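Q: Hi! Could you walk me through this one? I'd like to start with the strands and then get to the aromatics.

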Amino acid sequence: MIKTSLFLLGMSLYAVAVGQAGSDKDFIKKAIESYASSGDQQNVKNLSDILHDQYRLVWYGGKDDPFVADKSAFISQFEKKEWGGDSRKVTIKSIEVFDDSNAVVKVVLNGNQAQMRSFLSLIKVGSDWKIIGELVTATFK
């Protein structure tokens, strides 16, 4: 009886843990989709909400020096309408969550103007997942 109760308790805790990990991945997927959609629509408020205050973009194509931008420099490109305005399909290649508060996402954003390939680093702040870093390359069409 005690062994059965302990087994059932263990299985219940495992199910909760697995369910939580699935929920985190779902929330991360929604955050990535919101990020892409906000960029496409040049929606600065939504971009600001999904990006952590310490966000950094590193854009490197392998030839020149990397382009590095903090959150304000990144957002200003959308405010000036120099970036965004495309309609991109989001393909999430992988999501890896670790320590219940960190995640790395490999994503391809394929649009009419360019294809962006990124590794996004996210951290969990409270119950929200925020993008804190992005390493990106692009092929322009």
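A: Happy to! First, two strands pair if DSSP finds at least two bridges between them, and strands (E, at least two residues) and helices (H or I, at least four) are DSSP runs numbered from the N terminus. This is a predicted model, where local features need pLDDT of at least 70, side-chain atom pairs count only at pLDDT 80 or more, and totals for chains, interfaces and linings use all residues. Residues are numbered from 1 along each chain as its sequence is written, and side-chain values use heavy atoms, leaving out hydrogens and water.

Q: Great. How many bridges join E1 to E2?

A: Four, and strand E1 (residues 51–59) runs antiparallel to E2. Arg56 stands opposite Asp70 in E2.

Q: And what's the strand order in the sheet?

A: The order is E2-E1-E6-E5-E4-E3, in an open sheet of six strands with mixed pairing. Strand E2 (67–70) and strand E3 (89–98) are the edges, each pairing on one side only.

Q: Switching to aromatics: how many pairs are there?

A: Eight aromatic pairs; rings of Phe, Tyr and Trp (its six-membered ring) pair if their centres lie within 6.5 Å, with planes under 30 degrees apart stacked, over 60 edge-to-face and the rest tilted. Phe67 and Trp83 make an edge-to-face pair, 6.0 Å centre to centre with 70° between the planes.

Q: Which parts does that pair tie together?

A: Phe67 lies in strand E2 and Trp83 in the loop between H3 and E3, so the pair links parts 16 residues apart in sequence.
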